[in-house]
Amino acid sequence: MNASSWDILKWLGVDLSLKIFTHLDDLSDLVRICLVSSSWRQFVIENSLSKQLFLRLFPDLSGAAHFIEVNGMIDTSTVESSNITKGEYLLRLHRIYLLLARSLNPVTRNDCIGVAIEASSTDNNPLESIENTLEPGDRLYNRASYWSSLGSRDPDVPETLTYGLVSNLCAISEIHIQPFLAYFQDGFPIYSAKAVRFKMGHQKLSVNSSTSVSNGLAVDYSSASDHFFWTYVSPEFPMAQENTLQIFKLPEPAFCVGGVLQVELLGRVQRQEMDGLYYLCVSHVEVVGRPLLPEYDVDIIDQSGKCILKYFPELPEPSSTNGEIGRGHSRASRLVQRGVHGWEHIVLNTLVGGRGMFDDDDDDIDEEIAE
C-alpha cells in the first residue's frame with residue numbers, strides 16, 4: 001500500500017483536520033506539525049495556520065498584520081497577474097507570521113517609551129522639562145510635574161514632544177496623554193491642545209551609521225527635529241480640555257521601525273492670565289504597544305529606511321547596578337536578512353529566501369522559518 005494512503009489528514013478530511021489544528025496554541029507545536037511530512041507542512045501553509053495562530057496569540061495586532069500583508073506583499077487576488085505564484089505568496093505569509101509570533105513580546109502590552117528626546121520648546125527648563133512627562137500623574141515628590149511650552153500670542157502655534165522607544169521595532173496601538181491642570185493658578189486652568197497627531201520613524205543616518213534605541217537608552221540623537229525621518233503619520237485626534245489620561249487609539253496598530261515617536265500638539269486653548277499668552281502643558285505620556293523581545297533588534301542603515309533585523313541568542317543578564325541590558329554586540333550575532341526596503345516591509349522581507357537564520361535551542365522552529 002502506498003505510504004501516502006496512510007496520511008491521517010486524508011482520512012480525516014480538510015474540515016476536521018482544520019478543526020483539530022486550529023486548537024493549537026503554541027508556535028513550537030505548529031512548527032513540529034510541519035516537520036511530520038511535506039504534505040502536513042503544505043496543509044499548514046495552504047490554510048494559513050501560522051497566521052491564524054499569530055492572531056490568536058496577538059488579537060490586538062490583527063489590524064497591523066493585515067496592513068503588512070496587503071501593503072507589503074501582493075494580494076492573493078492579483079497573484080495570477082504577477083511574477084509570484086500563489087504558493088510562493090502563501091509560503092511568505094507562513095514565514096512572516098512565524099517570525100512575528102516568535103519575536104514580539106507575547107506576555108503583555110506595556111508602555112514602550114524608553115527615553116525623552118526633546119521638546120520643540122520649554123518654558124522653564126529643567127523644572128518644566130519633557131522628562132517630567134515620563135512620570136505618571138501631575139505631581140512628584142509634592143511638587144508639580146509637567147512639561148510646559150513657551151508662551152505664544154498665536155493659539156495655532158503647534159508643539160512637539162519626541163520620544164525614543166524601548167525597542168527599534170514596536171507594534172503601537174495606543175498613545176495616552178494627560179494635559180496639565182495648573183492647580184496653583186486662579187481658576188485651575190487646563191493647558192490642553194485642541195488636537196493631537198502622532199508620527200513614527202527613525203533618525204536620519206549616514207550609510208555607515210545605525211540607530212541605537214534599546215532598553216530605554218537613546219544614543220546620539222540630534223536636537224533638530226528635521227533629523228528624523230517619519231514613516232508613519234496618524235490621523236488627527238481631538239483632545240478634551242480635561243485633566244485626565246486621555247486614550248488615543250490608532251485606527252489599526254502600526255509598526256514603528258526605528259524606535260522614535262513624536263507627539264504633535266496642534267493648537268492651544270488656554271491663555272495664561274498673568275501674561276496673556278497661550279501655553280501647552282502635559283503631565284504624562286504613555287505609548288502602549290508590543291516591543292520586540294530583548295534578543296531581537298533592528299538597525300536602520302540608510303536614509304531610505306533600509307534595515308537589518310538582528311538576533312542575539314546570548315544576551316547577558318540585566319546589570320544589577322544600572323539595569324542596562326547589553327545588546328550583545330561583543331557576541332557572535334547573526335544577521336537575519338539584509339536588504340529590507342521600506343519601514344513597513346521589514347517583517348515581510350526579513351524571511352524571504354533566508355536560511356539558517358537563528359542559533360537557538362529550539363532548532364525545529366529555526367529550521368521551519370529558514371526552510
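Residues are numbered from 1 along each chain as its sequence is written, and side-chain values use heavy atoms, with hydrogens and water left out. In this predicted model, local features need pLDDT of at least 70 and side-chain atom pairs count only at pLDDT 80 or more, while totals for chains, interfaces and linings use all residues.

Five salt bridges are present in the structure. A salt bridge is a side-chain nitrogen of Lys or Arg within 4 Å of a carboxyl oxygen of Asp or Glu. Side chains of opposite charge can pair when their charged atoms come close. Lys194 bridges to Asp156, with 3.5 Å between the closest N and O atoms. This pair links distant parts of the chain, 38 residues apart. Lys194 lies in strand β8 (residues 193–203), and Asp156 in the loop between β5 (147–148) and β6 (159–165). Helices (H or I, at least four residues) and strands (E, at least two) are DSSP runs, numbered from the N terminus. Lys194 is partly exposed, at 39% relative accessible area. Asp156 is exposed, at 51%. Here buried means under 20% relative accessible area, exposed over 50%, and partly exposed in between (1.4 Å probe, protein chains only).

Strand β8 also holds Arg197. Arg197 forms a salt bridge with Glu236, the closest N and O atoms being 3.5 Å apart. Glu236 sits in the loop between β11 (228–233) and β12 (237–238), so the bridge ties together parts 39 residues apart in sequence. Arg197 is partly exposed, at 22% relative accessibility. Glu264 pairs with Lys199, with 3.6 Å between the closest N and O atoms. Glu264 is in strand β14 (residues 260–268) and Lys199 in β8, so this pair joins parts 65 residues apart in sequence. Both Glu264 and Lys199 are buried. Arg197, Lys199, Glu236 and Glu264 are linked in a network of salt bridges.

Aromatic pairs number 14. Rings of Phe, Tyr and Trp (its six-membered ring) pair if their centres lie within 6.5 Å; planes under 30 degrees apart count as stacked, over 60 as edge-to-face and the rest as tilted. Phe54 and Phe58 have ring centres 5.1 Å apart and planes at 40°, so the pair is tilted. Phe54 is buried, at 1% relative accessibility. Phe58 is also buried, at 1%. Tyr183 and Phe184 form an edge-to-face pair, 5.4 Å centre to centre with 75° between the planes. Tyr183 is partly exposed, at 24%, and Phe184 is partly exposed, at 44%. Tyr146, Phe180, Tyr183 and Phe184 form one aromatic cluster. The charged end of Arg139 sits over the ring of Tyr183, 3.8 Å from its centre. For such a placement, NZ of Lys or CZ of Arg is within 6 Å of the ring centre and within 35 degrees of the ring normal.

The largest nonpolar core has 31 residues. A nonpolar core is a set of buried Ala, Val, Leu, Ile, Met, Phe, Trp, Tyr and Cys residues joined through side-chain atoms within 4.5 Å. Leu161, Ile172 and Ile177 touch the most other members. Elements giving two or more residues to this core include β2 (113–119), β7 (169–179) and β17 (281–291). Leu161 has contacts (heavy atoms within 4.5 Å) that include Trp147, Leu261 and Val285. Another core, of 26 residues, lies apart from the largest one. Among its members are Val31, Phe54, Ala101 and Ile300.

Terms used
Lists of a residue's contacts leave out its neighbours within four places in sequence.
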